[in-house]
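Here are a few friendly notes on two interfaces in this model. Please have the structure open as you read.

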Amino acid sequence: MTTPTATTETQPVAGGVSLSLRDRLQQFLAFASLLVIFVVFSIANSNFLTYGNVLAILYSTVVIGTLALGTTFVIITGGIDLSIGTGMALCAVMSGVMIVNLGVPLALGVLGTILFGGLLGLINGFNVAILKIPPFIATLAMMLVAQGLALVLSHSTPIYFNDVPAYSKISRGNLIPDFPNAVIVLTAMAVIAAVLLNKTILGRYTYSIGSNEEATGLSGIDVRKWKIIVYTFAGLFIGLAGVMISARLGSAQPATGMGYELQAIAAVVIGGTSLAGGKGSVVGTMIGALIISVLNNGLQIMSIPQEWQNVILGCVILVAVYADMMRKKQT
Amino acid sequence: MTTPTATTETQPVAGGVSLSLRDRLQQFLAFASLLVIFVVFSIANSNFLTYGNVLAILYSTVVIGTLALGTTFVIITGGIDLSIGTGMALCAVMSGVMIVNLGVPLALGVLGTILFGGLLGLINGFNVAILKIPPFIATLAMMLVAQGLALVLSHSTPIYFNDVPAYSKISRGNLIPDFPNAVIVLTAMAVIAAVLLNKTILGRYTYSIGSNEEATGLSGIDVRKWKIIVYTFAGLFIGLAGVMISARLGSAQPATGMGYELQAIAAVVIGGTSLAGGKGSVVGTMIGALIISVLNNGLQIMSIPQEWQNVILGCVILVAVYADMMRKKQT
Amino acid sequence: MDGTESLLRATAVSKSFPGVKALSDVHLELRHNEVLALVGENGAGKSTLMKLLSGIYTADEGEFFLNGERFEPASPRHAQELGISIIHQEFNLMPDLTVAQNIFIGREPRAGGFFLSERKLNARAADLIERLQLPLEPWSPVGGLTVAKQQMVEIAKALSYDARVLIMDEPTAALNEAEVTTLHALIRRFKSADTGVIYISHRMDELKKIADRITVLRDGQYVDTVDTAATSMKEVISLMVGRALRTDAQPEGVREDREVLLSVEGLSTKALLKNVSFELRQGEILGFAGLMGAGRTEMARAVVGADKADSGSIRVRGRPVRIQSPADAAKHRIGYLSEDRKQFGLMLEQDVNANITVSSLSELFSSFGFMKDRAMRAKSRQYVDSLRIKTPSILQTAKYLSGGNQQKVVIAKWLLKNCDILIFDEPTRGIDVGAKEEIYRLLNDLAAQGKSIIMISSELEEVLRMAHRIVVMSEGRVTGTLSAAEATQETVMHYATLRPDENPEDAAELGLELDDPARTVDGSR
Amino acid sequence: ACGGDEDGAAGGGDQKYIAIVSKGFQHQFWQAVKKGAEQQAAKEGARITFEGPATEADIEAQVTMLTNAIAKNPDAIGFAALDSKAAAPLLEDAKSRNIPVIAFDSGVEGDIPVTTAATDNKAAAAEAAKHLSELLGGKGKVALVVHDQTSKTGIDRRDGFVEWMKANAPGITLLPPQYGGGDQAKSADITKSIIASNPDVAGIYGANEGSAIGVVKGIEEAGKKGIKIVGFDSGKAQIDAIKDGTMAGAITQNPVGIGEQTVAAAMKVIRGESVPKVIDTGFFWYDKTNIDDPKIAAVLYQ
Ligand SMILES: Nc1ncnc2c1ncn2[C@@H]1O[C@H](COP(=O)(O)OP(=O)(O)OP(=O)(O)O)[C@@H](O)[C@H]1O
Ligand SMILES: Nc1ncnc2c1ncn2[C@@H]1O[C@H](COP(=O)(O)OP(=O)(O)OP(=O)(O)O)[C@@H](O)[C@H]1O
Ligand SMILES: O[C@@H]1[C@@H](O)[C@H](O)OC[C@H]1O
Ligand SMILES: [Mg+2]
Ligand SMILES: [Mg+2]
């Protein structure tokens, strides 16, 4: 607790080559826990390492992964977003209302849904940044409100996209043969999120606020504005997740969503992002999300009795995170 | 954001009398949001303010309240405990296994269950304090493990306490006529927790660690030891909650519990305890828990359509917390 | 504007906090091309005045003029736009960002629109650092830097703005003589016909060197402004504290014949320390001197188990002990006061009482686990009085105390705890001259009672006047141990600047050349 | 949309009020029950409220809802118990206040409920097993995706299915049941894992609406052909899957009927008329061939 460990970056950078080598090793090792889990399953069961199953794992990561990406930003600012699960359900319903009930053209409806997610995020951001309500409370309130509104707007019935077959294609279609679009979308989102986090001022201020909010404000940065932007941005991902899940299911399910927030936050935290803020990465989040879905899939493939699956899941997550911490300490 | 607002303690202490008056006012006002909600419901519906219904509200607060009390300590240290919900279910199952399956005498079984809860907490504490796993992950893992073990130990079926009628009395009996024991238990626990938090070194170190863990450690305090104690202590409350819920239901339900952690943490945070650690109170937690159960009860009593109940719940929580913050700023 | 108008003027400024009148009717005038020092005891209101100028607080009363024009700083950003740049007494850095990212926060060079150019950012930072001759690397995360280096980041950041008025609130509290000299040079280069500097410091020795005029505050009130050249420091001090102070004190009770209490042998850490050995005797004040980064803090942290030592042994009263955490150290009655009060010393959100008593809780104030509230408060009040901690009550939240008073709270914590060995790392950082004397007196008293004290200080004068013996460190090694009689500015600086790793002659002087290669091999991870 | 429609008339004083506490609220099945209850209430001029916990594991929440329902002094209570023993003291309380209790969906132990309008889930699941076995010619690997392992419906539908297979279809190998919480996406993922680890799986049974649709989605996503699916409940997606042949058939209960019968029975009791002790609301096997049969169409919900 009191041992400050020097990070690699404190080393004077000897030169371009050695840095990038070091960096690459570091990046590679970040996958270590995931790789180990993957290899163990591959050896343990021959059905695990097949093209189809790997795709199934990726496909099952899409919704949680999308939510986790947006939440990564929120958590790096030192905040939290509990509204992502039911918010996603509400966005799915909005998508249904627009596209199915109101007949809005597909592209517009999808865009509208994503923006609607942004609106939810904006409200969260307003409550957190302007009204100064603790993020946990502000987004808990939104969680409840979204859950209720999803039922109200849908009259508590799923909205089916049967008459809009193109809608399902957003998730299940294959722009690349034999490769579901949903996985492409998640990959693209991860790249966009990584670029935004590492290469833009949005990302810089995200880290800065999480690192020391007061100092960031004293440095002349409009913390309130940027917090609102971060929550709104996370909201766009909620909207997209709403599209992805309803496209997958072919329907907007108003009652779904609760519990997704915990999984998404878990993915972010397993990926090394600190709930205290200031630290985190998109790669980490994707690894965290994959660890969860690989474990879920692998344990099922191995036909482990379901009551034991959670026990093992819990233990493996513990060990994986511990191993990752040890590894980071060493390098 | 940069204007530090003075707390009451910044007032020079004029003298015993004026301080205690101020203090009392302060304490009283802490109930303001709760009181307003209560009064509104009392006016809105005549079934609300009856002895029976007020008891029902208190009774429905027992389990969440018990969990929230222990969690208050954990959160004040800057930690979090996600394992309280499923941990409670596991404890309930343990109680069933001991008392029903193994025929352990009632008192011993109850004690054993509470201690078993302490054991779960001890493991959490070990993982957090010694292995330095972030509390979110450590307790998430425990949440999963407990969920699985509850199913394993109970063979996925509820364990009924029918043959031990005294067991139900723990919750439903009336040591005081017309007043359920469960409410007495919760009150007693709240008093114990308040005394521990405010009058003992355990409480003081709890605040210290949450305020500045490194400084506390450098002050010569064995932070690891105290953290383990705090998590273990919270675990005892998990065990007690396991007893209370299974006594209420007359059975140990292995699949219940998930989601309780969120409600308990919400109660703590609504009560003004900061997730960043260092701040919080038992009174606040009890008020937070009561706000939630009064709202749930009132909305149901008023026959608000269920889809709207959550919407209103979310909004009222937001307003209540905001109002509370404004009030604190003023004084 | 006409040339006779002052650069910055504040008139009749008042500011109150609940229970505290921090400033009342204060004046201040900063002229062009001058360094105006602002001095006063801890809690006199210096930082508060600066926070008013930089838009963090709003004044209750009073007016501000910049080049004759009235202005009301509404926010830090607004003040910055007006050309007022400030280095706060407490750091305002983002520990997870790098040096370059911290310096240019809010003004990041873009690679187009929304996108950052990290390369340009680092290049600009490197330029700035080079221009300022600071020992920093643009890409180091700030969280891993020592306090002194963090201070330099603050300085670089403040200087990177095109400021007209540069406010420095105790910039040298964490710096060593050498760095102080560098900073002074920077300031001299900065001030011009368009600019001026307000400089807050408790180090009287440097005022002579850098300040043109000195404004004195006492208890939130304006006392006087004097010309540095025409005034002696003794006079300034008596304006500040309202009485004259002795400044020619010498170490007290120096004796060679005492029993050894603590002996450290061959202490090494992965990060820095190499074979550090020394002995601390009963009733002794052992000074530790060295330049920034010499390893004194590292030594202290390793001794108390806050950091892991790779090798080395520690003996207390001749018996070997294993110390793996500060809690272990406390069991052996060793206490450590950290140089970084905000991060490692204080619980900012807790009250003064809780901070003072935290270390001694279990041994002095507990019966069956219950706290003895009354006794705690009585003790806290006693220390608040004896250290003259300026606070409206012992129930005041620590973060609302002035910097120096916070430091006193940390000191009180360790004075209250009954330790045999106290390691004080920069104990008088940010403490006013008057209160320093008080603390020196307390330390001498403790030593006289038989307590042993290690005093790490970057103020050489302080070490020279207090220490019975002085251990000098450089580059993680002990380069010399001097008795009070041998110790002078020159001898200490000689050992402090030995660089055995770069300089074979220095290595030879320390008799190191033989085992050096081996050491670098195993010391290089 | 809710029972509040008649709120305006509530002032009338003699309008009867029935508080219904169900096992769930948000899911289709329960919405259909609610619809039936509302229809019947409208017919009889009664006022109802309909509430249920968020998940079928929230037993304590249901008990609290029942407490609150009693506090409102209704003329009758409709109750679908998640765990009937847990509610026993409250039912005693209702009895002592002379509030009649009508059990629905699943039975409540003891003699407090004046009547029970429910489905025999074990028999219904056995029916599903029988059909699947026929479809597979009595042999092959069969998997089960069940909504949960602790609720009474979950257990009955699993056990009813498993027991029938064990007793009557020796050629069928059962894989260990998997539980997806009734969540479509999760059940789909589980289905895909089952297919990956057992490429030769011949039939899959989904034990409620969410599970059944999840199985359909999972098989579609895996691009696997020829697996026979039987399901439970209805809902648009399931009906579509049956119509286009993805799903062989399913068991449906009569949720709207359950709602209607519950309210009808309550009104009878309030009026002092007698009711039978058990109202079997029945279940039906439906597939492509009889889906448009009016008798079936009437019990399906979209
Ligand atoms: N936010 C605040 N709330 C309450 N009191 C405050 C606050 N800020 C400062 N004070 C009080 O105002 C007085 C002046 O404080 P200030 O920080 O200006 O002193 P200072 O002269 O800078 O002292 P130092 O030399 O110790 O840094 C102190 O008594 C301090 O406790
Ligand atoms: N918390 C820390 N994290 C990372 N590196 C550190 C830390 N503390 C010290 N160091 C490193 O150790 C070196 C020695 O610092 P240390 O503080 O021990 O020196 P010092 O002699 O006490 O000087 P000063 O305190 O004046 O800076 C520094 O150069 C720094 O790089
Ligand atoms: O009892 C309910 C059942 O009848 C329905 O089919 O799905 C949910 C259930 O638990
Ligand atoms: Mg100051
Ligand atoms: Mg130091």
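1. A word on conventions: residues are numbered from 1 along each chain as its sequence is written, and chains are lettered from A in the order in which they are written. This is a predicted model, in which local features need pLDDT of at least 70 and side-chain atom pairs count only at pLDDT 80 or more, while totals for chains, interfaces and linings use all residues.

2. Between chain A and chain B, 44 residues of chain A are in contact with 43 residues of chain B (heavy atoms within 4.5 Å). About 3900 Å² is buried between these chains, with carbon and sulfur atoms giving 85% (accessible area, 1.4 Å probe, lost on putting two parts together, summed over both).

3. On the side of chain A that touches chain B, α6(A) gives the most, with 13 residues. That side divides into 33 nonpolar, 7 polar and 4 charged residues. The count between chain A and chain B is 0 salt bridges (side-chain nitrogen of Lys or Arg within 4 Å of a carboxyl oxygen of Asp or Glu).

4. In chain C, the domain assignment gives domain 1 (84–161) and domain 2 (260–343 + 419–509). Their C-alpha centres lie 31 Å apart, and the area buried between them is about 620 Å². In domain 1 of chain C, C:Gln89, C:Glu90 and C:Val147 lose the most area to domain 2, together 59% of what that side buries.

5. Which residue forms a salt bridge with C:Glu90? The partner is C:Arg341, with the closest N and O atoms 3.3 Å apart.

Technical notes
Side-chain values use heavy atoms; hydrogens and water are left out. Domain bounds come from an automatic or database domain assignment. Helices (H or I, at least four residues) and strands (E, at least two) are DSSP runs, numbered from the N terminus. Ala, Val, Leu, Ile, Met, Phe, Trp, Tyr, Cys and Pro count as nonpolar, Asp, Glu, Lys and Arg as charged, and the others, Gly among them, as polar.
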